[in-house]
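Here are a few exercises to work through with the model open beside you. Try each task before reading its solution.

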Amino acid sequence: MIKFTPILLALLYGLAMYRFSVWRTKRELDSKSTELADPILKGLMDRMAAALDLKRIRVNIYEIEPVNGLAAPDGRIFLTRGFYRKYKAGEVSAEELASVIAHELGHVALGHSRRRMIDFSGQNALRTALAMILSRFIPFIGPFIANFVMSLLAARLSRKDEYEADAYASALLVKSGIGTGPQKSLFKKLETLTGANGAAMPVWLMSHPKTTERIAAIEANEDRWLASGQDA
């Protein structure tokens, strides 16, 4: 039993981190967000809501500057103030911003948001346990190997989620009559908008797929839907 104590402690640590992360995230979002009130975006959101047979889609503005959208574990959708400023400045169209909302709705509908929080805590626990085990055989180097292995796993899971949320968004945008054009055009702008450049980073270490691969996946879905005679 004693030999398994470090692993049990790591798992308990992961559970505690999960509960703390959920509480901290909710408190942060509650204190720094307000409901989005934009008539043009509301019209697009109403079209998506009708396609989903919902009364309405509520989106909140998260008062931080980095350009991003996010889905909280409790199912709420957020756009950052920085992203909204890009839209108001004309750098992003209303339809492109609607594609971000559709993507985040995909994360919620597919259960990614809640699972990511659990995965994050579980991965921390596994990282701790793996580091403890490896350190017995490879002192000093064990924790670095554990971090590398868990980073690879986290990046792979995240890329899978992104592809799935992209496909959900594409289907919703087509069904809403908005189409996938804004979704693809936004992807081409994202690196410039966010100031990110993943060109030097291997794709297997990136949490998001490459832009070209995401667009290719969307177009492959469209071709498949067209061939099967389905709208989405």
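**Exercise 1.** What volume does the second largest pocket have? Describe its lining too.

*Solution.* Before starting, note that this is a predicted model, where local features need pLDDT of at least 70, side-chain atom pairs count only at pLDDT 80 or more, and totals for chains, interfaces and linings use all residues. Residues are numbered from 1 along each chain as its sequence is written, and side-chain values use heavy atoms, with hydrogens and water left out.

Step 1: the second largest pocket has a volume of about 160 Å³. A pocket is an open set of points on a 1 Å grid over the protein atoms alone, where a 1.4 Å probe fits, with protein on both sides within 12 Å along at least five of seven lines; lining residues have an atom within 4 Å of a point. The volume is the space filled by probe spheres set on the points, which are joined across faces, edges and corners.

Step 2: among the lining residues are Glu35, Asp38, Lys42, Met45, Arg56 and Val59. Helix α2 (residues 39-51) gives the largest share, 4 residues.

Step 3: sorted by class, the lining has 6 nonpolar, no polar and 6 charged residues.

**Exercise 2.** At what angle do α4 and α7 cross?

*Solution.* Step 1: the axes of α4 (residues 94-109) and α7 (residues 181-194) cross at roughly 90° and come within 8 Å.

Step 2: the two helices are therefore roughly perpendicular to each other (65 to 115 degrees).

Step 3: on the α4 side, Glu95, Glu96, Ser99 and Val100 take part, and they meet Pro182, Gln183, Ser185, Leu186 and Lys189 of α7. Contact here means heavy atoms within 4.5 Å.

**Exercise 3.** How far apart are the axes of α7 and α8?

*Solution.* Step 1: the axes are 9 Å apart, and α7 packs with α8 (residues 211-228) at about 175°.

Step 2: this makes α7 and α8 roughly antiparallel (over 145 degrees).

Step 3: the contact of α7 with α8 divides into 3 nonpolar, 2 polar and 6 charged residues.

**Exercise 4.** How many aromatic pairs does the structure hold? Characterise one.

*Solution.* Step 1: there are 2 aromatic pairs (ring centres within 6.5 Å).

Step 2: Tyr62 and Phe78 form an edge-to-face pair, 6.4 Å centre to centre with 70° between the planes (edge-to-face means over 60 degrees).

Step 3: Tyr62 belongs to strand β2 and Phe78 to strand β4, so the pair ties together parts 16 residues apart in sequence.

Conventions. Axes fitted to C-alpha atoms, helices over the stretch in contact; angles between N-to-C directions. Parallel < 35°, antiparallel > 145°, perpendicular 65-115°, else oblique. Nonpolar A, V, L, I, M, F, W, Y, C, P; charged D, E, K, R; others polar. Phe/Tyr/Trp six-rings, centres within 6.5 Å; stacked < 30°, edge-to-face > 60°.
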